[in-house]
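Here is a short report for a reader meeting this structure for the first time. Take a look at the model before reading on.

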Amino acid sequence: MSKIPRERMKGMGKRTGKIGHSSQPPAADPLNIAHGALPSREVILRFIADHPQKASKRELAKAFGLKGESRVELKHLLRELEQEGMLQKTRKSLIRPGALPPVTVLDITTRDKDGELIGRPAEWPDDQGVAPAVAIRQSTSPAGRNGKGKAPVAGMGDRILAKIFPAADRGGPAYTARIIKILDKRRTASMGVFKDAGGAGRLLPIDRRGEEMVVDPDYKGEAKDGDLVEVEVARLGRFGLPRAKVLSIIGSVASEKAISMIAIHAHGIPHIFPPAVVAEADDAKPATMSHREDWRDVPLITIDPADAKDHDDAVYAETDPSADNPDGVIVTVAIADVSYYVRPNSPLDREALKRGNSVYFPDRVVPMLPERISNDLCSLREGLDRPALAVRMVFSKDGRKVGHTFHRIMMKSAAKLSYQQAQAAIDGKPDDKTGPLLEPILKPLWNAYRVMTRGRERRQPLELDMPERKILLKPDGTVDRVFVPPRLDAHKLIEEMMIQANVSAAETLEKKRQVLIYRIHDGPTLAKQEVLREFLATLGISLAKGGNMRANNFNMILAKADDTPHQTMVNEMVLRSQSQAIYSPENIGHFGLNLMKYAHFTSPIRRYADLIVHRALVGSLGFGDGGITPDEEGVLDDIAAEISTFERRAMAAERETIDRLIAHHLAGRVGEEFEGRVSGVTKSGLFVTLPDYGADGFVPISTLGTDYFIYDEAHQALSGEKTGLGYRLGDSVTVKLAEAIPLAGALRFEMISEGRKMPTAVRSFHKAGRRDASRARKKAGTRPPRGRR
């Protein structure tokens, strides 16, 4: 269980609605529920709104003194509220729809009339209206996180990680926040591309929702036409465009890496290592044999992408010689020992946590650790001594793991192979390098993979078929082509061995009663299940009701859609129904992988979560220096929240960079027609994907025609009220590129295809909905609103 920060334990109960360790329900209970009695739906919802930090089934039962059958009834009541859309699940609690999670990233944007800082969520869905305001509570105590160091003090423009509480004063912002950590200082600046207009200039936005600004001659500094610049708003007038002042010049948008630099700066991704971090990395010395086993004779090999510069995992397999395990195999996975070099609270460690993970763009990598560590000392290079943590796993012939052991070792990679190289050798086309490795190393690896596959098939994880597109760039940084690389058995072999190593790490640490950070994945919410169920029903595919869904239930759905026109559409809808995997010190299992214990262990060079797991193993197994510290253990909840946020930040930056590259690639083809597929249906229009380019664009509903188009969420369709013609998710369509905005990564299409006749059920649904709405308006004596056309 995570520790409660000291400042929360000192007098914060009244202000935040904290109930502390009392087993009594809150005094504000409007119905004055007796202790031990199941509260009503209204009381449950009020309690969750007022006490988000106590909004879990366990805490609710404790607050209302529920035991035995009453706890079961509470569970059913919460499930009903979730199914009705009254509650939503987060990482470890329940929230009201539209409410902020207990830990949220905020941007401090303004001050209230009393001068107090006000923040808003850094990420907020467009369809949920204006993001809620949050009053920032600055600490008056000199103690920081975990009661040690200085308390973080935020200012205007900062981005912070904050603990969220309902506001006691109902007249102001709905929430207050306690600062956990300042993620980025001074975010008042905006970014854009400077366009010289003869003396003065214009700032072109890089965000889809941004607006142009005027830059006066005195405020442009040294900016030149085409420079990517950072500005602050100098003046806002009642009329005309805002005026801006150039603060810094990031570089020319004509440079090779300008597109990824936009995302790096827009998301505040740290990309320059401070001098102290570089110095610590440069001063690092190779690891010694202290507390290590000598495994340099074990022929471990690395199998990675052909262009990989760091190699953090190596594998080896052999037949189990034990008579007790006939036809069983032994699989060894060795992972770079980053914990030896990156010690807790060192400059390297603080910078790694600040980044959270490496970020991968088509033209560059922003690493979590300096190259001296990631590409040299911790990279399992061929023929060089390298420190590692290794797990030796034994599997029976039916793929069941019967045991495993961890070791801190010194190894020497026998070979560096690419996926394609290893696969070609197995397929009968070895080269000079893989030929001698085929019999002693590669064939035993593939045999072990076949054995492990039997266990995977029995486990039945979620098997989505979503091809991953890659972008190949020209030397000048522009797009050469977009392609889908083949999914080889070599990829699957490494993936399955890494999964099993991650499982082994979680199992070992649990057995040692060592706190850790899990990789968790919650099952789909009941509300999302219901949306999927309604959609599948339109295709004649049934999805059983009930909250106890397993990954296999979805696999059966996917199997029914195989080799049908709906295959891609069903895969996308199943993917949308899934929750997002996150990090947490509290384990709920991994729904997608169908695993009860899972932790990231295999990529400590590029993920901070893996580094924490390495430290936990080193400490709990007595492997010498570099183990987890008590201070770290006390703040794992905060660390998990931070790195989950940074992971989402990286994904958004990577996705936006690809969007900008593709938009730039297609900017010269405005007016051309393309074959596409409807990939999203909303009230305001259609999203269309061009499969050949991996590009997404938008078709506004106002451009679809003169008919009145109605949005049907259940059928994922827009259909004309009069003609019955419309478009559904997955439809193949022809569109014309009407506009491309490369800097914002935006494409706008015009629909060429007329649409198809919607099923009778869809049209009946629309007519019934319109009749009901008309009757309701007549009863209320109101006029119908103007519809979108």
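The model is predicted.

**The helix and what comes after**

Helix α11 spans residues 438-459 and holds 22 residues. From its first C-alpha to its last it reaches 30 Å. That is close to the 32 Å expected at 1.5 Å a residue. Q460 follows α11, and its phi is positive. This residue sits in the loop between α11 and β22 (470-473).

Q460 is not a glycine, yet its phi is near 55 degrees. N594 is not a glycine either, and its positive phi is about 55 degrees. N594 belongs to the loop between β25 (582-584) and α16 (608-620).

How do these residues stand in terms of accessibility? Q460 counts as partly exposed because its relative accessibility is 32%. N594 has 22%, so it also counts as partly exposed.

| Residue | Relative accessibility | Class |
|---|---|---|
| Q460 | 32% | partly exposed |
| N594 | 22% | partly exposed |

**A strand residue**

V681 lies in strand β26, residues 673-682. Is V681 buried or exposed? V681 is buried, because its relative accessible area is 6%, and buried means under 20%.

Which residues does V681 touch, leaving out those up to four places away in sequence? They are L686, Y711, Q716, A717, L718, R728 and L729. Y711 is 30 residues from V681 along the chain. Their C-alpha atoms are separated by 7.9 Å.

Technical notes. Residues are numbered from 1 along each chain as its sequence is written. This is a predicted model: local features need pLDDT of at least 70, side-chain atom pairs count only at pLDDT 80 or more; totals for chains, interfaces and linings use all residues. Side-chain values use heavy atoms; hydrogens and water are left out. Helices (H or I, at least four residues) and strands (E, at least two) are DSSP runs, numbered from the N terminus. The expected span of a helix is 1.5 Å times one less than its number of residues. Buried means under 20% relative accessible area, exposed over 50%, partly exposed in between (1.4 Å probe, protein chains only). Contact means heavy atoms within 4.5 Å.
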